[in-house]
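Here are some notes for a reader new to this entry.

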Amino acid sequence: MNILVTGGAGFIGSNFIRWMKQHAPEHRIINVDALTYAGNLESLRDIPQDASYVFIRADIRDRAKLDEVFSQHDITHVVNFAAESHVDRSIVDPELFLTTNVLGTQALLDTAKLHWKSNPEDKYSREYRAGVKFLQVSTDEVYGALGREGLFSETSPLMPNSPYSAAKASADLVCRSYFETFGLPLNITRCSNNYGPYQFPEKLIPLMIHNCMEEKPLPVYGDGMQIRDWLHVFDHCSAIFAVLIRGEMGEVYNIGGNNERTNLEIIRQIIHSLGASEELIHFVKDRPGHDRRYAIDNSKITTRLGWTPSYTFEQGISETIRWYQDNEEWMEHVLSGAYTEYYARMYAPSFRE
Ligand code: NAD
Ligand code: DAU
């Protein structure tokens, strides 16, 4: 496979590339990333540029560039991670989320259709080159919020509550329409909250680890009793690969590890692991439109594709805390902004823009 990974310099994308190198190195990866504030090539330092891995700086909304990438690299698969991903930022700048997450996805779908369809001029044809697939990486947030009971299944209604989740839900619907109308071979995955190495410290777990290490206040939104279903990022990566290889065309797969925790439980676990004080906890004004609870019914992917998570939360969180302790330089560069100079220093002389 020649896999176009978009957003491969972000948290999950960079871990997916690392996971692929370890578990399926026979496939070629073409990483396209615009390097927004969230894209960090230092997260890929251990991945050498060679015949099986290339990085190209490009925006998924740039159709001419996408066309060039598909032609030059004979793309057979797309895994679309590229997105604006932070809920709090979407409350400040919704438009950016709509253009990147919706129109960017549509530009990718159009390019894939053009390159993969046997006769792109024939609007009635549903024939595609053999073995191609588009995988849209979506989120459980498209289903909105749960009360105390129940789980999100693939047939739960889409009820997004933030501009971020509305943009992701819109992209899912555009993907669905490209399967129904054009027959484009695709899958959608909807995963719960990920944690692990290389996550941007605007997200709950790395933010709390960093602030504990620096003995800074820990900002808890509202009462801290919101519930998320946490999955180690490598388990998300293995699930994506299972769907890429074995997913039935047109199907949606929820991904989750049955690890529901309140935010306060997570924060206290981090405090105790790092020997910090609970006095660092500071309750702050709640996030507008804050979803109370997410929880995933993962029975479709476990029974039909045979995927199971391999990390327990206890193992995953202690490895993750240790990773941030051992990689203070990575964190310092992110916080100081020094990581944005890495591209200019390491890539500009030898690689294409
Ligand atoms: P992230 O913010 O860490 O990374 C996003 C990456 O996309 C960055 O490298 C950024 O530079 C790139 N990007 C942004 N706009 C782009 C554009 N216009 N063109 C090209 N590249 C662009 O996000 P993440 O946490 O790694 O999430 C990746 C995907 O997984 C997203 O689609 C997100 O919705 C989804 N997801 C995330 C989680 C989670 O817990 N983090 C859970 C489920 C689904
Ligand atoms: O569920 C999947 C989603 O998980 C992904 O689609 C998103 O891209 C990803 O960002 C994540 O969204 P959340 O909003 O759940 O993650 P975040 O880390 O921003 O917040 C987790 C919980 O912690 C949420 O209830 C808000 C709370 N929180 C967060 C921050 C950053 C705090 O209480 N204080 C904070 O400072």
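1. Strands (E, at least two residues) and helices (H or I, at least four) are DSSP runs numbered from the N terminus, and two strands pair if DSSP finds at least two bridges between them. The model is predicted: local features need pLDDT of at least 70, side-chain atom pairs count only at pLDDT 80 or more, and totals for chains, interfaces and linings use all residues. Residues are numbered from 1 along each chain as its sequence is written, chains are lettered from A and ligands numbered from 1 in the order in which they are written, and side-chain values use heavy atoms, with hydrogens and water left out.

2. An open sheet of three strands has the order β7-β9-β11, with mixed pairing. Because β7 (193-195) and β11 (260-262) are at the edges with a single partner strand each, one side of each has no neighbour in the sheet.

3. β7 and β9 (residues 227-232) run parallel and are joined by three bridges. Y195 has H232 in β9 as its bridge partner.

4. Which residues are closest to ligand 1? They are I12, D33, S85, Y164 and K168, out of 29 that surround ligand 1 (a heavy atom within 4 Å). By class, this shell has 14 nonpolar, 11 polar and four charged residues, where Ala, Val, Leu, Ile, Met, Phe, Trp, Tyr, Cys and Pro count as nonpolar, Asp, Glu, Lys and Arg as charged, and the others, Gly among them, as polar.

5. β5 (133-139) is one of the elements supplying at least two shell residues; β5 gives the most, three.
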